[in-house]
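Please examine the sequence and the structure shown here.

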Amino acid sequence: MTSRAGRVGIVVGAVAAATVLAAPIASAEPSSQPSQPSQPSQTPEASIPMPVREGALGYLATRSSTLWLADRGVDQVIANLPAPPAYSSANRQMAKTLKQELDAAVDTPGACLQIIVDGPGQAGGVFNYGFFAVEKQYCPK
């Protein structure tokens, strides 16, 4: 049986092992268009869990695992992963999104983080990652 810390370590390891990350459930393919800084229209808030499509992996972290991830600055780990130049912008955007969702989960009493890992959207693509703050009543104990 794997401990909670072990399960979190597996998830963090899987995320860290992927050198290219994407915005939540969006393609991480390099863009031929110049990247434009985007501002989120609103600050994320904890909500209901996102649906996980068949074939994707969805994980709801416990509250303590969520706090552990935030405390260790996992967003900075992702932002600083070495990546080909075409993907470094996607890494930084994913780190920013992860930070926003972690902050929303940490700031909401009892909330947790949902992680969704989905396969590439097209041949030759990379995995897509989604991170979402989830309300307390949906979080595992």
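The expected span of a helix is 1.5 Å times one less than its number of residues. In this predicted model, helix 4 covers residues 85–107 and therefore has 23 residues, which should span 33 Å.

Which residues of helix 4 are buried? They are Tyr87, Ala90, Asn91, Met94, Ala95, Thr97, Leu98, Glu101, Leu102, Ala104 and Ala105. As a general point, an α-helix has 3.6 residues a turn, so residues three or four places apart point the same way. The cover over the buried residues of helix 4 includes helix 2 (63–71) and helix 3 (74–79), together with strand 2 (112–118) and strand 3 (128–134).

In soluble globular proteins, nonpolar side chains tend to be buried together. Here the largest nonpolar core comprises 11 residues: Leu69, Val74, Ile78, Met94, Ala95, Leu98, Leu102, Leu113, Ile115, Tyr129 and Phe131. At least two residues of this core come from each of helix 3, helix 4, strand 2 and strand 3. Helix 4 supplies the largest share, 4 residues. Another core, of 5 residues, lies apart from this one and includes Ala46, Ala104, Ala111 and Ala133.

The protein has an average pLDDT of 77, and 67% of the residues score at least 70. Among its elements, helix 2 has the highest mean pLDDT, 97, whereas helix 1 (residues 4–17) has the lowest, 43. Across residues 1–38 the pLDDT is below 50, and this stretch has 77 contacts in the model beyond near neighbours in sequence.

Conventions. Residues are numbered from 1 along each chain as its sequence is written. This is a predicted model: local features need pLDDT of at least 70, side-chain atom pairs count only at pLDDT 80 or more; totals for chains, interfaces and linings use all residues. Side-chain values use heavy atoms; hydrogens and water are left out. Buried means under 20% relative accessible area, exposed over 50%, partly exposed in between (1.4 Å probe, protein chains only). Contact means heavy atoms within 4.5 Å. pLDDT is the predictor's confidence in each residue, from 0 to 100. A nonpolar core is a set of buried Ala, Val, Leu, Ile, Met, Phe, Trp, Tyr and Cys residues joined through side-chain atoms within 4.5 Å.
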